[in-house]
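Hi,

Here is the structure I said I would pass on.

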Amino acid sequence: MKNGHGKNILVAGGAGFLGSHLCERLAAEGAHVVCLDNFQTGRRENLQRLEGRDGFQVVEADIVDALPSRLAKMRFDRVYNLACAASPPLYQADPEHTLMTSVIGTRQLLKLAEASGARFLQASTSEIYGDPASHPQPESYWGNVNCTGPRACYDEGKRAAETLCFDYDRLGKAEVRVVRIFNTYGPRLDASDGRVVSNVVSQALAGEDITVFGDGSQTRSFCYVDDQIDGLVRLMEYDGAQPGPVNIGNPAERTILELVDLVLAMTGSTSEVVHRPLPVDDPRRRRPDISKAERLLGWTPKTPLEQGLRATIAWFEAREGRDRKGKRA
Ligand code: NAD
Ligand code: UDP
């Protein structure tokens with residue numbers, strides 16, 4: 001049976017990059033999907049294929065505020081919490097709101113799940129490992145986060161959200177799944193959101209300077225969006241005993257300069273690389289240990305970086321064309 005068939009599913013943050021792909025996947029499987037979003041970093045345009053379709057609705061609200069009463073009247077089988085700005089410049093723009101989104105917002109959604117008897121999936125992050133002293137990062141690593149730095153509103157918020165989730169689970173209030181998402185990219189990344197793939201691809205296509213922070217020797221491991229969404233759904237539907245947090249990401253680790261070289265070669269761009277200061281507390285290395293996801297979920301990423309970048313670059317090119325047409329009209 002398809003995972004979503006006939007289920008009532010709430011996707012908080014459903015208008016964002018990952019959330020909109022998740023809503024599409026669940027709707028395609030026959031779920032009734034409610035997307036809850038404040039449109040802080042999400043876009044209506046991301047929901048174009050879904051809006052107006054039977055079984056799909058959007059509720060505009062901020063999860064930090066009191067949730068709309070109509071949500072309390074609905075019954076959900078599943079609650080996915082993806083609501084939280086994920087790009088460092090955007091989550092640092094209003095750090096207090098970012099922290100409260102993870103703490104107050106997650107608590108409100110957990111209460112909703114408890115009232116509904118719904119299973120709850122929390123989108124946590126590789127950022128909870130901070131600047132890791134252990135490499136690659138297994139779920140058993142407790143992390144190295146600076147709790148007073150500019151990234152802390154996000155990292156510590158996500159850590160506290162995990163705490164809440166496991167307490168709800170331990171107390172039998174809600175059955176939870178916690179996924180630690182590693183850097184994910186693909187179509188619908190917002191060109192202006194400041195993350196490395198969106199910056200580098202849009203700069204290369206526009207012939208603008210490519211901004212490399214620091215010397216570009218820091219590493220990330222990039223996971224294609226379809227693989228990531230498949231991991232989230234598999235974890236949500238995992239029926240065994242509480243599995244604890246599960247890393248979902250692609251272990252193929254690259255330096256930022258390697259990523260830039262690949263994008264330049266694939267776009268044929270003549271953009272120059274310019275170096276900018278490394279942001280405070282920027283993690284030096286990051287690579288997931290995914291043996292738990294492989295073992296428990298039978299999940300492994302299928303999309304090599306080059307293939308995923310091809311689809312991402314094509315999407316950015318098409319979007320640029322649409323934007324130009326829009327400006328002329
Ligand atoms: P995104 O910014 O595109 O999406 C976040 C969505 O949440 C947006 O639609 C935004 O409007 C909404 N939102 C933010 N604060 C809200 C609030 N207080 N109330 C209601 N809605 C709110 O980011 P994304 O890349 O799609 O990330 C989705 C989730 O996955 C986030 O929780 C993020 O922390 C997590 N994550 C993503 C990555 C990644 O590489 N994309 C990595 C680690 C973790
Ligand atoms: N980065 C970069 N140029 C950019 C944007 C980001 O060199 O234009 C670097 C950033 O310093 C970090 C890496 O790329 O080392 C990934 O950054 P991103 O914001 O995408 O994700 P995160 O740091 O949250 O993993």
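Setting aside its neighbours within four places in sequence, Gln 122 is in contact with Asn 81, Thr 106, Ala 161, Glu 162, Cys 165, Val 176 and Val 178. Do bear in mind that this is a predicted model.

Gln 122 is part of strand S5. Buried or exposed, then, with 26 other C-beta atoms within 10 Å of Gln 122? The cut-off for buried is 20 or more, so Gln 122 counts as buried. For a sense of distance, Gln 307 sits 185 residues away from Gln 122 along the chain, and their C-alpha atoms are separated by 28 Å.

S4 and S5 (residues 119-125) run parallel and are joined by 4 bridges. Helix H5 (residues 152-170) packs on the sheet here, touching S5 and strand S6 (175-181), and the direction of H5 makes about 155° with that of S5.

Now the whole sheet. What order do the strands come in? The sheet is open, has 7 strands with parallel pairing, and reads S3-S2-S1-S4-S5-S6-S11. S3 and strand S11 (246-248) are the edge strands, each pairing on one side only. From one strand to the next, the twist averages 20°. H7 also lies across part of this sheet, over S4, S5, S6 and S11, and runs at about 160° to S6.

Further along the sheet, S1 and S2 run parallel and are joined by 5 bridges; Ile 9 has Val 33 in S2 as its bridge partner. In S2, 5 of the 6 residues are buried, so the strand is largely enclosed by the rest of the structure.

Helix H1 deserves a look of its own. H1 covers residues 17-28, and at 1.5 Å a residue its 12 residues should span 16 Å; the end C-alpha atoms are 17 Å apart, which agrees. Why call H1 largely enclosed by the rest of the structure? Because 9 of its 12 residues are buried. They are Phe 17, Leu 18, Gly 19, Ser 20, His 21, Leu 22, Cys 23, Leu 26 and Ala 27. What covers them includes strands S1 (8-12), S2 (32-37), S3 (56-60), S4 (78-81) and S7 (184-185), along with helix H7 (225-236). After H1 comes Gly 30, with a positive phi near 95°.

There are two ligands to check. Ligand 1 is surrounded by 27 residues, and the closest are Gly 13, Gly 16, Leu 18, Thr 41 and Gly 42. H1, helix H4 (95-116) and S5 are the elements that give two or more residues to that shell, and H1 gives the most, with 3.

Ligand 2 has 14 residues around it, of which Arg 195, Val 196, Asn 199, Thr 211 and Phe 213 come nearest. Helix H6 (196-206) and strand S8 (210-213) are the elements that give two or more residues to this shell; S8 gives the most, with 3. The classes around ligand 2 are 6 nonpolar, 5 polar and 3 charged.

Last, some backbone geometry to inspect. Most residues other than glycine have a negative phi, and most peptide bonds are trans. With that in mind:

- Phe 39 is not a glycine, yet has a positive phi of about 60°. Phe 39 is in the loop between S2 and S3, and is partly exposed, with 13 other C-beta atoms within 10 Å.
- Arg 188, another residue other than glycine, has a positive phi near 85°. Arg 188 is in the loop between S7 and H6 and counts as buried, with 21 C-beta neighbours inside 10 Å.
- His 135 and Pro 136 are joined by a cis peptide bond, with omega about -10°. Pro 136 is in the loop between S5 and H5.

Cheers

Notes. Residues numbered from 1 in each chain as written. Chains lettered and ligands numbered in written order. Predicted model: local features only at pLDDT ≥ 70, side-chain atom pairs only at ≥ 80, totals over all residues. Expected span 1.5 Å × (residues − 1). Contact = placed C-beta atoms within 7 Å. Pairing = 2+ DSSP bridges. Axes fitted to C-alpha atoms, helices over the stretch in contact; angles between N-to-C directions. Near = placed C-beta within 6 Å. Nonpolar A, V, L, I, M, F, W, Y, C, P; charged D, E, K, R; others polar.
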